[in-house]
Amino acid sequence: MLSQDIQTAINAQIKNEYYSSYLYLSMAAYCESINFSGFGGWLRKQSEEELTHAMRLFDYMLDREGRIVLDKIGQPPSEFGSLVEMFTQVLEHEKEVSGMINKLYELALSENDHATSVELQWFIQEQVEEEKNASDMVENIKLAGDNSAALLMLDRQLAGESTNAPGE
Ligand SMILES: [Fe+2]
Ligand SMILES: [Fe+2]
């Protein structure tokens with residue numbers, strides 16, 4: 001049985017994962033509204049992935065006979081400035097989430113809740129990947145700089161479209 005503190009913290013993290021999903025969905029909408037469908041697609045995929053994180057915690061709680069209490073999800077911003085600024089926000093957000101997961105892990109350790117600790121190790125590893133992906137995006141966009149042709153090429157690459165003519 002999960003302690004009340006662990007249940008409260010996992011419920012909060014389910015909400016945090018939903019907020020991440022909502023934030024990336026808002027960013028996707030913004031990218032697509034300025035015709036960066038590749039960046040938008042990347043963000044849509046991130047948004048969907050955050051939902052799988054929430055559901056993983058949701059299922060874990062039910063498996064352990066915890067009580068799910070869904071919290072209110074905050075409103076994400078709808079304006080994001082430049083692409084560099086936006087993807088820097090993605091990276092910052094992922095770092096923040098890593099901090100939340102680490103806190104949750106420390107709580108599980110302090111309670112000798114081994115099953116929860118093991119479950120959270122998956123999230124700790126996932127955050128390494130998430131931070132790396134976001135950081136790669138920031139680096140690539142910074143390389144493109146103010147060169148709109150380079151940004152467009154990056155966008156098309158993400159969209160999975162070939163930038164070369166057939167036969168090239
Ligand atoms: Fe997540
Ligand atoms: Fe994430």
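Pocket and helices of a predicted model

The largest pocket has a volume of about 160 Å³. The structure is a predicted model, in which local features need pLDDT of at least 70 and side-chain atom pairs count only at pLDDT 80 or more, while totals for chains, interfaces and linings use all residues. Residues are numbered from 1 along each chain as its sequence is written, and side-chain values use heavy atoms, with hydrogens and water left out.

The lining of this pocket (residues with an atom within 4 Å of a point of the 1 Å grid) includes Ser 37, Gly 38, Trp 42, Asn 133 and Leu 158. Helix α2 gives the most to the lining, with 7 residues. Sorted by class, the lining has 3 nonpolar, 5 polar and 2 charged residues, where Asp, Glu, Lys and Arg count as charged, Ala, Val, Leu, Ile, Met, Phe, Trp, Tyr, Cys and Pro as nonpolar, and the others, Gly among them, as polar.

Turning to the whole protein, its secondary structure comes to 5 helices and 0 strands, with helices taken as DSSP runs (H or I) of at least four residues and strands (E) of at least two. The C-alpha trace spans about 60 × 30 × 25 Å along its principal axes.

Helix α2 (residues 37-63) and helix α3 (residues 83-110) have axes that come within 13 Å and cross at roughly 15 degrees. Because of that angle α2 is roughly parallel to α3, a term for angles under 35 degrees. On the α2 side the contact (heavy atoms within 4.5 Å) is made by Phe 39, Trp 42, Leu 43 and Glu 50, and on the α3 side by Leu 83, Met 86, Phe 87, Val 90 and Glu 94. These contact residues divide into 7 nonpolar, no polar and 2 charged.

Conventions:
Chains lettered and ligands numbered in written order. Axes fitted to C-alpha atoms, helices over the stretch in contact; angles between N-to-C directions. Parallel < 35°, antiparallel > 145°, perpendicular 65-115°, else oblique. 1 Å grid on protein atoms, 1.4 Å probe; cavity = no way out; pocket = protein on both sides within 12 Å on 5 of 7 lines; lining within 4 Å. Points joined across faces, edges and corners; volume = space filled by probe spheres on them.
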